[in-house]
Amino acid sequence: MSKQHGPSDIFVQVTGKRPESVINDSLREELILKNITKSSAQTIECFITSADLPRLEQIAADHDCSVEVIRISLLEKCAILMKKRAGFVAGILLFTAALILLSQMVWKVEIEGAQPVLQHEIEKNLTDMGVSKGAFAFLLPSPEQIQKEILERTDGTTWIGVEKRGTTYHFEVVEQTLPEEAEVPPPRHITANKTAVIHSIYAEQGQVLVDRNQLVHEGDILISGFIGKGKHARTVAAKGEVLGETWYKVTVDIPVKPKADTLTGRSERKYILDIFGFELPLWGMDADEAFDIFKKTKNTHDAAVFGYTLPIAWNVETYQESRLVNQAGSKNDVIKQAKKAAENKIKSQLTGKADIKEGKILHEESHNGKVKIVLHYQVIEEITSEVPIIQGE
Amino acid sequence: MFDRFKQNAKYWVTGKMNLPEDVLLDVPRLTMIGQLHLHVENHRGVLHFSKELVRLKLTYGELAIKGHDFVIKTILPNELLLEGTIDEVSYLNDKEAGGIHE
């Protein structure tokens, strides 16, 4: 309650014979006096709004009293200070104005997703529309309208997205993509790339020069690129699929009695505590010396608290005794295995479309516990290769 | 004579109908907070004001407030807030003597 006066209140002193009558008249005139104190018998001091000062003076004059302003209001003090520091105040105003004005300017125009040629065209159109560096954003149409207009003006775009991010205009361009024209291959022949017997022949374009079951050698023309006769003769890019029967000879060596690792069932365990990577064996320290041949497995149990892995782990190493056993296999099994191995060998050599038609054992012999088998395969595969026709020779 | 009749009628109405007196009668309503503040409603003006004594005019009679360090915090046409140390509030009821000052 001590500071009930506002920024526009002034502190005045009313001196006269009967200052109380000034208070009463002020009440009647609805002048609001605040914090009235009596400093001497003929003087009262109070706060009033600076706008009410002339009316108070009028009232005081009616009662033969005089009014003296002791302290001016806060606002008046500020006004005086501002007048004193006019340059400073002007600077603040100028700065604020500049800040607001500059923040309303376009500082950057970004175009994304367009080829350089198209980008240049879009930039040119935008400059024509007024969207360029240094333009005032509040003078430009809304992004939606800019989007509509730039789409109308620019050819070769499917869509342009316009977005205003602060002082930047961001354009996202989706270019029109036309389907690419199919590549026309140059005139060519189709030739055989290996010796084979033609199994089937399908020509899409060109003239077939071979028959089914005909033997062809590497480099023979299968489908010619020359078509027509006399003055209608011309060259085309021969296209087609020729499958031929080819032969492969595969030699496989496999042992008659393969060896296998088996466990005997005896095992020892070793317990190790792992602290910060340092391994401290606790139990079963000679487990690794118990067997000559063994298989080792290690189980690690990490200690974790609330999802955090502690640097302490409990390791259990299991040593299981093992032994090599010779497996006796029948002759049929050995041959089956050999065939399988041979087929795998062939398949790794063949590329593209290929089918194994038939396999025959040509020769087999046993030697030093190993079986050597020679197999013959008939394979049907694509035998085409392309040879361009060089003209003018 | 008519005023006197009206006044008596008002007394009778407030007494019989159990109405708050300050609504109908032109009497002041004082609100005092300890010795610190005194809020006076329905006063009719300041007769005397000094740091030790405030005399307020009422419709009938006057109100004398004694104490020290008085400051009138706000004063409105019929409301007044007095601050200071209040020792004594007394009514000077001399309406028979026609004690309307000023």
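In chain A, helix H1 (residues 19-28) and helix H2 (residues 53-62) pack at an angle of about 130 degrees, with their axes 9 Å apart. The model is predicted: local features need pLDDT of at least 70, side-chain atom pairs count only at pLDDT 80 or more, and totals for chains, interfaces and linings use all residues. Residues are numbered from 1 along each chain as its sequence is written, chains are lettered from A and ligands numbered from 1 in the order in which they are written, and side-chain values use heavy atoms, with hydrogens and water left out.

**Helices H1 and H2 of chain A**
- H1(A) and H2(A) are therefore oblique to each other (angles under 35 degrees count as roughly parallel, over 145 as roughly antiparallel, 65 to 115 as roughly perpendicular and the rest as oblique).
- Axes here are lines fitted to C-alpha atoms, for helices over the stretch in contact, and angles run from 0 to 180 degrees between N-to-C directions.
- The crossing of H1(A) with H2(A) is right-handed, meaning that the near helix is turned clockwise from the far one by less than a right angle.
- A:Val22, A:Asp25 and A:Ser26 of H1(A) meet A:Leu56, A:Ile59 and A:Ala60 of H2(A), where contact means heavy atoms within 4.5 Å.
- Four residues of this contact between H1(A) and H2(A) are nonpolar, one is polar and one is charged (Ala, Val, Leu, Ile, Met, Phe, Trp, Tyr, Cys and Pro count as nonpolar, Asp, Glu, Lys and Arg as charged, and the others, Gly among them, as polar).

**Helices H5 and H6 of chain A**
- The axes of H5 (residues 116-129) and H6 (residues 143-153) of chain A come within 10 Å and cross at roughly 125 degrees.
- H5(A) and H6(A) cross in a right-handed sense.
- Among the residues making the contact are A:Ile122 and A:Leu126 of H5(A) and A:Ile146 and A:Arg153 of H6(A).

**Chain A with chain B**
- In this pair, 17 residues of chain A are in contact with 19 residues of chain B.
- The two chains bury about 1,600 Å² between them, 60% of it on carbon and sulfur atoms (accessible area, 1.4 Å probe, that two parts lose on being put together, summed over both).

**Chain B**
- Chain B has two helices and six strands (DSSP runs, H or I of at least four residues for helices and E of at least two for strands, numbered from the N terminus).
- From the N terminus, the elements of chain B run α-α-β-β-β-β-β-β.
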